[in-house]
Amino acid sequence: MADDWTEALPEAARAYLEGRRLDEVECIIPDLPGIARGKAVPASKFARQDYFHLPDSIFYQTITGEWGDAAGEDGFIEKDMILRPDMETATAAPWTGDWTLQVIHDAFDRNNEPVPYSPRNVLKRVVQLYRDKGWEPVVAPEMEFFLVARNIDPAKEIQPMMGRSGRPAAARQAYSMTAVDEFGPVIDDIYDFAEAQGFEIDGITQEGGAGQLEINLQHGDPVRLADEVFYFKRLIREAAMRHECYATFMAKPIADEPGSAMHIHHSVLDVNTGENIFANADGEETEHFKHFIAGLQNHMPKALAVIAPYVNSYRRYVKDHAAPINLEWGRDNRTTGIRVPLSGPKSRRVENRLAGMDCNPYLGIAASLACGYLGLTQQKDPLPEFKGDAYVGEGDIPQVLGEALDLFEQATDLHEVLGPDFARVYSIVKRAEYEEFLQVISPWEREHLLMNV
């Protein structure tokens with residue numbers, strides 16, 4: 001790396017280091033669950049290295065730390081990957097005790113080919129498919145999460161955090177500014193950390209759950225926005241721990257409360273003109289717009305195992321709890337799985353409301369884009385627009401992870417978009433995880449079945 005490499009850092013990182021001596025660089029890469037893996041190195045060493053190595057087995061690991069046998073026909077062989085920094089992702093780690101940067105790395109094999117089951121590479125693959133067609137995908141994610149009391153005993157139920165008033169956070173307070181003020185110190189640190197990292201928050205609101213907040217991000221490039229969500233999860237957790245609480249991105253952390261989603265807003269631009277392909281010159285909806293919606297309706301059930309990746313994810317899809325139960329589409333209708341928000345023609349977009357906040361942001365966005373891409377290329381029409389309360393209808397999405405994995409494993413058209421090697425590894429790892437869960441006997445089973453059956 002060049003001696004003056006810090007001069008090429010993004011503006012926010014340079015501003016963070018101005019007049020200071022960089023101590024350390026965290027070289028990180030997101031694994032399948034979206035956990036940051038890597039190593040921290042002194043700044044002087046980072047300046048001398050163009051890459052470093054990690055074993056590809058980091059992508060074979062379940063959320064519990066067990067291993068899926070995903071190495072293929074040659075058996076379980078830990079091959080070293082070449083990890084190269086994407087310096088455009090260099091950003092501060094402002095919660096550390098010294099002056100530290102984080103840098104996301106991309107994974108390559110020994111032939112300099114992208115490792116196909118690295119989540120960031122999966123998203124890049126899907127984005128490139130759009131660009132090959134002359135389209136530029138644009139996304140805007142919304143992040144929902146809970147601030148909860150510290151919990152070090154998994155056997156105990158999760159409780160809302162204590163607010164500034166000394167009272168537990170209250171539920172049913174959507175959009176309440178008083179409720180947001182309860183978490184003022186945590187929110188202040190979130191804003192401060194985000195500013196230090198160069199991230200722009202479009203807004204923070206109180207959601208319907210006790211201690212549940214939502215952060216909206218500006219629309220833009222899918223890979224850059226996935227990077228921001230990846231970074232935001234970490235900074236929000238760090239901000240919460242400064243104030244004796246946890247931030248959790250579980251899809252359904254508290255029973256009888258709404259779950260947490262990562263709604264994804266989609267639009268697609270023409271690469272040559274920069275115009276939104278969902279609107280004609282006269283502002284009318286295009287065939288592309290209809291085809292994109294049809295792609296979500298036809299393929300999202302097969303992609304659900306990616307955007308709802310854990311057994312807990314499916315507890316969120318409950319009637320009348322602010323989460324969809326089907327793939328109906330409607331204009332400005334928050335009961336449908338696919339919503340078309342109110343907007344002018346140039347801003348016309350499609351919102352996928354199925355993805356949970358527990359998904360890996362790279363894979364969640366990639367899966368949603370993949371379904372839209374299949375719709376654009378297969379050119380099928382969507383079902384008629386749904387008008388009314390979609391909770392009155394029947395659910396048409398898998399209800400448990402095992403069922404969702406069955407559909408994903410059969411979805412060869414989806415595999416071709418996301419990458420067959422990724423689909424193979426992902427399926428094996430998630431199967432191992434699901435089978436491990438099935439061995440756990442829950443408190444409900446002990447309470448109701450021990451003496452009654």
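## Asn-112 and the basis of the model

Asn-112 counts as partly exposed, because its relative accessibility is 44%; buried means under 20% relative accessible area, exposed over 50%, and partly exposed in between (1.4 Å probe, protein chains only). Asn-112 is found in the loop between β6 and α3 (119–132). Helices (H or I, at least four residues) and strands (E, at least two) are DSSP runs, numbered from the N terminus. Asn-112 is not a glycine, yet has a positive phi of about 70°. Most residues other than glycine have a negative phi.

This is a predicted model, in which local features need pLDDT of at least 70 and side-chain atom pairs count only at pLDDT 80 or more, while totals for chains, interfaces and linings use all residues. Residues are numbered from 1 along each chain as its sequence is written, and side-chain values use heavy atoms, with hydrogens and water left out.

Strand β6 covers residues 100–108, and nine of its nine residues are buried, so the strand is largely enclosed by the rest of the structure. Thr-100, Gln-102, Ile-104, Asp-106 and Phe-108 point one way from β6. Leu-101, Val-103, His-105 and Ala-107 point the other way, and these too are buried.

Two strands pair if DSSP finds at least two bridges between them. Strand β1 (residues 24–30) runs parallel to β6 and is joined to it by five bridges; here Ile-28 stands opposite Ile-104. Strand β4 (residues 80–85) runs antiparallel to β6, with four bridges, and Leu-83 stands opposite Ala-107. Strand β5 (residues 91–92) is also antiparallel to β6, with two bridges, and Ala-92 stands opposite Leu-101.

## Helix α5

Helix α5 has 14 residues (184–197) and should span 20 Å at 1.5 Å a residue; its end C-alpha atoms are 20 Å apart, which agrees. The expected span is 1.5 Å times one less than the number of residues in the helix.

The buried residues of α5 include Val-186, Ile-187, Ile-190 and Phe-193. Asp-189 and Gln-197 of α5 are buried as well. Just after the helix, Gly-198 takes a positive phi of about 80°.

## The largest pocket

A pocket is found on a 1 Å grid over the protein atoms alone, as an open set of points with protein on both sides within 12 Å along at least five of seven lines; a cavity is a set of points where a 1.4 Å probe fits but cannot get out, and lining residues have an atom within 4 Å of a point. Grid points are joined across faces, edges and corners, and a volume is the space filled by probe spheres set on the points.

The largest pocket has a volume of about 2200 Å³. It is lined by 50 residues, and the closest to its centre are Ile-158, Met-250, Lys-252, Pro-253 and Asn-312. The elements that give two or more residues to this lining are α6 (222–241), β10 (245–248), α11 (420–438) and α12 (443–449). Of these, α6 gives the most, with seven residues. The lining of the largest pocket has 30 nonpolar, eight polar and 12 charged residues. In this scheme Ala, Val, Leu, Ile, Met, Phe, Trp, Tyr, Cys and Pro count as nonpolar, Asp, Glu, Lys and Arg as charged, and the others, Gly among them, as polar.

## The cavity

The count comes to one cavity of 30 Å³ or more. About 100 Å³ of space lies in the largest cavity. Of the 15 residues that line it, the closest to its centre are Leu-32, Pro-33, Tyr-310, Tyr-426 and Lys-430. Helix α11 supplies the largest share of this lining, four residues. By class, the lining of the largest cavity has 10 nonpolar, three polar and two charged residues.

## Residues in other loops

Thr-62 is in the loop between β3 (52–55) and β4, and counts as buried because its relative accessibility is 3%. The side chains of Thr-62 and Thr-64 are joined by a polar contact of 3.0 Å. A polar contact is a pair of N or O atoms within 3.5 Å; within protein, one must be able to donate a hydrogen and the other to accept it, and residues adjacent in sequence count only if both atoms are side-chain atoms.

Gln-379 lies in the loop between α8 and α9. Gln-379 is exposed, with a relative accessible area of 52%, and its phi is positive, near 55°, in a residue other than glycine. Val-392 is in the loop between α8 (361–378) and α9 (401–410), and counts as exposed at 63% relative accessibility. Val-392 and Ile-325 are 67 residues apart in sequence and 9.8 Å apart in space, C-alpha to C-alpha.
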